[in-house]
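Morning, everyone. Please bring up the sequence and the model side by side, and I'll walk you through.

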Amino acid sequence: MSETAPLAPWLQGQLVSLLAQRGHALLLAGPSGLGQYELALALARAWLCEQPTAQGACGVCGSCHAIDVRTHADLCVLMPETLSMELGWPLDEGAQKEIDDKKRKASKFIRVEAAREAVAFTQFTRSRGDTKVVLVYPAERMNTESANTLLKTLEEPTGAVRFVLATEAAHQLLPTIRSRCQTHAMGWPPEDQALDWLRQQASAAGVKSASPDDARTWLQAAGGRPDDALRLARAGLTPATWQRLPQALAQGDWTPLADWGPAQQLDVLQKLCHDLMACASGGRPRFFAAGQLPPAPRLTALSTWARELAQAARSVEHPYNGPLMQEAWAARTRQVLAARPPRA
Ligand SMILES: [Zn+2]
């Protein structure tokens, strides 16, 4: 989602109710893919806008424009450097130079230096309007030191400073951070809204086929999370591929996943494991259709596999021998799926 595009309808509704609230620190919490960042930015834009309405920012004033071109003096965006670069937010000059000079790599966490700058930002004189805003996303990417740096300002901000923190893992935040914010639980979109939105966004992103059937597959494969579904759409996922996937993996055929990154591959295996566990305990699958799944192995075998996958997911961002690990995953998947429960 681009912030200049209209906000998705289910986010717009949440924006209106959040704008009616007071409180200087908000925490937008929920699982990934529900639009935390887009909602946080829309809030920041509305708080800073020169002619805001109950619906949000005007979109045309100097303040709105300054945010759109990433140069607003009263907005501080605190993010991991990798994400700032991806989303086009400028880094601090010193940090940018260190990365350009290859002294270090861009950080995947919110560095304590950046948190200190955010604190300094809240103490500068205001330059544009009455309000200053600090946006933190994803807040769980603050380590203890960064979080503690921010904590005091969050507790007793100087002047008219407002905070919006957005997180995809609220349980990983320091309790002291959570307790200083008003928490808003991100809402899930109604299915028909999500499907319409997905088809529009996929077409706008140049995805060739965006039929109702395609959209339903993306949304199901993403467990109902629209941003994640759009990512799958952009990656070219087709209903045929998704439907064939469980049987292919059961037969040791890794080709449908071959072009995906390791984190996405693991994500698919975790979804498959989740659905097989649901079936094995008499429930319904969430990500795949029941008819597409191989017979569920024993629950104990699946629990072991689930633990292995969770362990692998924790280190998936670290450097490792990719092809060898993928071969191991493929072999293990086939082994687990081949272990059928005894016939009753
Ligand atoms: Zn405006």
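One definition before we start: helices (H or I, at least four residues) and strands (E, at least two) are DSSP runs, numbered from the N terminus. This is a predicted model, where local features need pLDDT of at least 70, side-chain atom pairs count only at pLDDT 80 or more, and totals for chains, interfaces and linings use all residues. Residues are numbered from 1 along each chain as its sequence is written, and side-chain values use heavy atoms, with hydrogens and water left out.

Arg 70 sits in the loop between α3 and β2. Its phi is near 65°, a positive value in a residue other than glycine. Arg 70 is buried, because its relative accessible area is 16%. Buried means under 20% relative accessible area, exposed over 50%, and partly exposed in between (1.4 Å probe, protein chains only).

Now compare Lys 102, in the loop between α5 and α6. Its phi is positive too, near 60°. Lys 102 is exposed, with a relative accessible area of 73%. Then there is a peptide bond to note. From Tyr 137 to Pro 138 it is cis, with omega near -15°. Pro 138 lies in the loop between β3 (132–136) and α7 (144–155). Why point these out? Most residues other than glycine have a negative phi, and most peptide bonds are trans.

Next, the metal. Which residues coordinate the zinc ion? Cys 49, Cys 58, Cys 61 and Cys 64 do, each through SG, at 2.3 to 2.4 Å. Donors here are N, O and S atoms within 2.8 Å of the metal (3.2 Å for Na, K and Ca); water is not among the atoms, so sites may look incomplete. Along the chain, the donors follow the spacing C-x8-C-x2-C-x2-C. The 4 donor atoms subtend angles of 100 to 117°, which makes the arrangement tetrahedral. The rule: four donors count as tetrahedral if all angles lie between 85 and 135 degrees; four count as square planar and six as octahedral if opposite donors are over 155 degrees apart and all others between 65 and 115; anything else is irregular. Two of the ligands come with accessibility values. Cys 61 counts as buried at 5% relative accessibility, and Cys 64 counts as buried at 0%.

On to the core. A nonpolar core is a set of buried Ala, Val, Leu, Ile, Met, Phe, Trp, Tyr and Cys residues joined through side-chain atoms within 4.5 Å. The largest one has 72 residues. Those with the most contacts inside it are Leu 28, Leu 75, Leu 135, Trp 218, Trp 242 and Trp 305. Helix α2 (residues 36–48) gives the most to this core, with 9 residues. A second, separate core has 23 residues, including Val 134, Ala 139, Met 142 and Leu 154.

Take a look at Leu 75. Leaving out residues up to four places away in sequence, Leu 75 touches Ala 44, Leu 48, Ile 67, Trp 89, Phe 121, Val 133 and Leu 135. Contact means heavy atoms within 4.5 Å.

In helix α11 (residues 226–234), 7 of the 9 residues are buried, so α11 is largely enclosed by the rest of the structure. Its buried residues pack against α1 (9–19), α2, α9 (191–204) and α10 (212–221). Just after α11, Gly 236 takes a positive phi of about 85°.

In α10, the buried residues are Asp 214, Ala 215, Thr 217, Trp 218, Leu 219 and Ala 221. Their cover includes α9, α11, α12 (239–250) and α13 (262–280). Just after α10, Gly 223 has a positive phi of about 65°.

Further along, Gln 326 lies in helix α15 (residues 322–338). Gln 326 counts as buried at 18% relative accessibility. Beyond residues up to four places away in sequence, Gln 326 touches Trp 254 and Gln 265.

Last stop: Ala 296, in the loop between α13 and α14 (299–314). Ala 296 is buried, with a relative accessible area of 19%. Its C-alpha atom is 8.6 Å from that of Ala 339, 43 residues apart along the chain.

That's the tour. Over to you.
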